[in-house]
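The tour goes stop by stop, with something to select at each one.

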Amino acid sequence: MRRTQTPIAAPSPQLKPALTLDQWESKAPLSQSQTKNVNAVKNACESRRLPAKFSAEAEEISRPSTPVNKQLALNTASPRPGTPPLKNPHPLHPSQPITTPQLFHDWFALIDKSISHSQEAHFRAHLASVSSHLNTCDSLLEQVQAIDDDVLNMTEDWKGVEEGGQSLQGACERMLEERDRLIQVTDALEERLEYFQELEIATRMLNYPGDSLVLQTDFLLMVERVDVCIEFLQAHREYKDSQVYLLRFHQCMTRAMTLIKIHFVGALKALQSEIQKRLSDKSISSTTVNLLLYSKFQTASNQLAPLLLELERRALAHPDDLQSLLTECHTAYFTCRKALVSGRLAEEIKGLDPARSEVVELTQAGCSYLKQLCVDEFSLYRRFFDSGEDKLYRYLETLCDYLYDDLRPRILHEPKLTVLCQVCTVIQALMILDVSTDYGDEYDEVEPSPSQTYRSRYSRMDSLPITPSLRELKEAQTPLLEAPHQTQPPPPTSRYNLNLRHLHIANLLESVLQDAQTRLFFKAQAVIQSEIRYYAPKDVDLDYPGKLKAFRDSRTANNLNVIEKGEGAGLGPLSRLPSLSKQSTWYPTLQKTHWVLSQLQDFVKPTIFEDMAHEAISLCRESLISAAELLPAKGSGDVADGGLFLIRHLLILKELTSALGLETITVQRGRAVDFSIVTDTLGSLLSSNGILGGYGGTAGGGGAFRAPKVVENAADAKLDLDAALKKACDDTISHFVSSVTSSLRQVISTTTPLPPSKSTTATASTALAKAQQVHSEFMASLPAEIKTWIEKLKLYLDSEDDARTIGVLVSVMHGRIVDVYEEFKTACDVTGGAGLEGVLSNSEIWGWLRKVSE
């Protein structure tokens, strides 16, 4: 296709003004890179070369030389003479010599024409080159147009192919999806059919003859697959014939578990027969006996434990069908063990000589041996079973009965309270050791049980879910079937329920401890009744204050504080009483109360101990009151000694009550008990009855007192003790105040007010003189009386806490004396005694009494 020439447009009537070069440069400036590119294009255009096919022709075109020069060149080219002429002469050369003018003119015309032609040759060459370029460009345009048409055709063809390919792809994808769906359906059908096909495999294996079937590697794998099939069919009862297959699978499971039971019972009987045959030899050593009774069974457990573990799991999942088989295995095991152990146990118990040995020694040796035997039996049982804890403890109780049948009568007929306490101590020590010892963990550290080894040997099975599918189970079982040295495959660890972790020996010793505690309780009651309630005091028991003076003199002579612990004193709160160092000065019933309660506090239940403590304290209080009444007649003969004796012992009894926590004071072993509340309680008791009156909080300096908390179940005993203590203090203070203020009270009682009309000067003078004499004698004798009474108080109440008690009693005594003194002054004022000399005011008498008491 040739390029068409563009027609020249006609000149417009109005030409637009042309832009100058400077204007063009200013309006359209070029960047440095643009200027560089323009120069490169310019240089390329200037040095444009012709195509290769035209370059050869251009080289041949040249301006022809003139004839003269050509001739000269010819003449000079061959300077040698005799050179032959050129074979192809130039066309402008004359073929014949010019002889005529006409020939010359012809030759000259030819030269002239050649010169003209040679001058226009480059124009013609350029025109031919341009024409050739145009023809080439036209050819290129035709080829481009053909290529453009081919590209358009190819684009249309590509679009058609693309549309066809997309439709083909969609069809292929639909076919692939259909294929995948069909494969999934096929796999699902195949997977579900595997559960039904497994019945034939299980039935064929269970029909295998011989007793070694349960020991084959794939036996338990088959049992696991049957279990999975049962779970699947129970969850999909809508499948055809699912009930029939489920029933047959249950039959296969029952048959497999029955084979395990038969094999286990047979193995136990064979083992029992072999061991009994060896034990019949009288010369056998104890080490050999132990090896036969335990090592033989431990070796057998490595083979039997995995089978029993499967039976336990299935019995837990299907108790109606398989629990009876597991029970038969338990019964066979315990029967075998009892037949082997009972003979040796009876010999060991007989060797302890239960009829002649001491009860404490028999308890310690027998219970220690039973504990070790129970630990061994428990450890051996754990190697076989992970369930049946109740049956195990019943079996261990039957072993303990061999000792209890001899020990129980000895305990129930033991007359000594201390021996019974020692028996309880031995049993409780064994029970405490049981609480602090983990037999299961200790056993696992020494040697893991076969069931644990059986579960931990195969790690791949642990990755299965709780309810794996049959296909997953088969994939996990495949490596186990390929490993001949692994004889038993495990089920998933997460499906186990371990119940036997600890041996609670306390459950086995509880019956003996209850017997000892019962006997201890009744014996303690007998001691309380005979030696506290019905105690008959001797003369030496009522030697007060002689005992106190002798104790004070001996302590002063030795210059030390002798701490005397009573019989059976232990480490409990009762051993930390402040007055325990003076126990030798206690009344015997108080000593016996402290001893009995210190014996019982660790061996009797808290509720029973609390009731017994209240009973003992109440009876002790009554015995102390009786002794205080007898003391003036059989002792020193002073009534004040009886009151102070009672106050002293009631305060100690109060300390005892506080130490036992009967006043809601929390007492724990190893912690100090605050006995200061006893003194505070005494102050509270005295102030609540009005004994302190208004003086205790002001002039008396008694301060504020705390009232003790009352426990409802101990209210009666506590209130009785508080009332007795309050009455003893009141009577003692009243007796002393009455003795020192008897003269003042006589004046008060004999003084009567006289009417103003009948009063005389002589009567007033006589009454005044008598009152003055009584007042002077009272003021003179009172300091010595008070000091004597305080010294006696210090003798009976001699401790740091008792010093506070003395302060409380002295303060109350001051208040009583002040009351009588105020009544005396009032009586003197009535009789006209305004001129009485030496009378003190209320504040002065309080200050004088405190000074005298110092």
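**Stop 1: a loop residue.** Select Asp 241. This residue sits in the loop between helix 7 (217-235) and helix 8 (242-279). Check its backbone: phi is positive, about 60°, although Asp 241 is not a glycine. For context, most residues other than glycine have a negative phi. Is Asp 241 buried or exposed, or partly exposed? Its relative accessibility is 43%, so Asp 241 counts as partly exposed. Bear in mind throughout that this is a predicted model.

**Zoom out.** Show the whole chain. The protein has 27 helices and zero strands. Of its 854 residues, 39% count as buried. Now consider contacts between residues at least 6 apart in sequence: 79% of them join residues at least 24 apart.

**Stop 2: helix 5.** Select residues 101-119, which make up helix 5. The helix has 19 residues. From first C-alpha to last it reaches 26 Å, close to the 27 Å expected at 1.5 Å a residue. Which residues of helix 5 are buried? They are Ile 111, Ser 114 and Ser 118. These three cover an arc of only 60° around the axis, which puts them on the same side of helix 5.

**Stop 3: aromatic rings.** Show the side chains of Phe, Tyr and Trp. A search of the whole structure finds 23 aromatic pairs. Pick Tyr 535 and Tyr 587. Their ring centres are 6.1 Å apart and their planes stand at 90°, so the pair is edge-to-face. Tyr 535 lies in the loop between helix 17 (505-533) and helix 18 (546-558), and Tyr 587 in the loop between helix 18 and helix 19 (588-600), so the pair ties together parts that are 52 residues apart in sequence. The two partners differ in cover. Tyr 535 is partly exposed at 23% relative accessibility, whereas Tyr 587 is buried at 2%.

Next, select a cluster linked by ring pairs: Phe 264, Phe 297, Tyr 333, Phe 334, Tyr 381, Phe 384, Phe 385 and Tyr 395.

**Stop 4: a cis peptide.** Go back to the loop between helix 17 and helix 18, and select Pro 545 there. The bond joining Tyr 544 and Pro 545 is cis, with omega about 5°. By way of contrast, most peptide bonds are trans.

**Stop 5: helix 26.** Select residues 800-830 and centre on Thr 826. What lies 2.9 Å from a polar atom of the Thr 826 side chain? It is the backbone oxygen of Glu 822. Thr 826 counts as partly exposed, at 47% relative accessibility.

**Last stop: helix 27.** Select residues 842-853 and find Ile 845. Ile 845 is buried, with a relative accessible area of 0%. Beyond its neighbours within four places in sequence, Ile 845 is in contact with Val 818, Tyr 821 and Leu 840. Finish with a distance: the C-alpha atoms of Ile 845 and Ile 817 are separated by 9.3 Å, at 28 residues apart along the chain.

Definitions and conventions
Residues numbered from 1 in each chain as written. Predicted model: local features only at pLDDT ≥ 70, side-chain atom pairs only at ≥ 80, totals over all residues. Heavy atoms only, no water. Helix = DSSP H or I, 4+ residues; strand = E, 2+ residues; numbered from the N terminus. Expected span 1.5 Å × (residues − 1). Buried < 20%, exposed > 50% of the residue type's maximum accessible area, 1.4 Å probe, protein only. Arc of directions from axis to C-beta. Contact = heavy atoms within 4.5 Å. Polar contact = N/O pair within 3.5 Å; in protein donor to acceptor, adjacent residues only side chain to side chain. Phe/Tyr/Trp six-rings, centres within 6.5 Å; stacked < 30°, edge-to-face > 60°.
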